[in-house]
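Below is a walk through one chain, following the spans that a database record marks in it. Please keep the sequence and the structure in view while reading.

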Amino acid sequence: AELTPSSSVGLHPSTSMAARRRSTVREMVEDPAGPFGQSSRIGSAAASAAGDPDAEDDDVPPCLMCLPPHKAPALQHDSLFILPGENSGRIFVYNLVKHRFFEAAVIAVIAANSIVLVFDDPTQPNDEGWVVALDIVFAVIFTIEMLLKVVAFGFVAHAHSYLRDPWNRLDFAIVLLAWLAFVPGFGNYSGLRVLRVLRPLRSMNAVKGLKVLVTALLQSFRGLVPVLILAAIVMSVFAIVGVQLWEGA
């Protein structure tokens, strides 16, 4: 006969515990929306509460003018103090920046910009005309993307706004530096020209998997500090031994 929690009374404790485990596993398999589904929803809500606009709601609305199935936290606040979450224009922009084709287009532009940076000659005081023209085009495209996200998420006032995300702050700084290079008296400085190599870093914000990987690496640095100290001590010991043994060789 099949063991159930009610019929396991009086049995050996290990047998009763095994029966309860089998019953729990059977309930999880038969109920897809059980604890696993609830845990997934809780994890999604926790990511939203952390202030990451990209982790708010993965539900795809049926159209660009439709509200997401579950209203996103960013749409619960006014954007720029003038656009409420129910505004049709803001809903359209929000669904647009969340669309996978929009993200693919941004990644393609970042790749094209990285290819153009290959033709930059730091030994020349000024770039070629077509390179400057393409730099302006890329700066305009990145600025439009930033403005669309500001309209969709808000600027900085609430927890889920654009500048509350560290990756968006990186994008914001790169866009400002891109325009600063075109200001008369600033663009010829070699330091600002070198900062253009930061533009490919925007791909970390566009590719979600890369963002997760970089975040995990940064969070692991604290745990690696003792390992780095030990490695430095070991290398120092062997360096001292090597200098003493082969001095003057």
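Residues 131-158 are 82% helix and 0% strand, with 39 Å between the end C-alpha atoms. Helices here are DSSP runs of H or I with at least four residues, strands are E runs of at least two, and both are numbered from the N terminus. The model is predicted: local features need pLDDT of at least 70, side-chain atom pairs count only at pLDDT 80 or more, and totals for chains, interfaces and linings use all residues. Residues are numbered from 1 along each chain as its sequence is written, and side-chain values use heavy atoms, leaving out hydrogens and water.

An unreviewed UniProt entry annotates residues 101-119, 131-158, 170-189 and 223-246 as "transmembrane region"; such annotations may be inferred rather than shown by experiment, and their positions follow the numbering used here, with feature names shortened.

Helix α4 covers residues 100-118. Its 19 residues reach 28 Å from first C-alpha to last, close to the expected 27 Å (1.5 Å times one less than the number of residues).

Residues 223-246 are 96% helix and 0% strand, and their end C-alpha atoms are 36 Å apart. V225 belongs to helix α9, residues 208-245.
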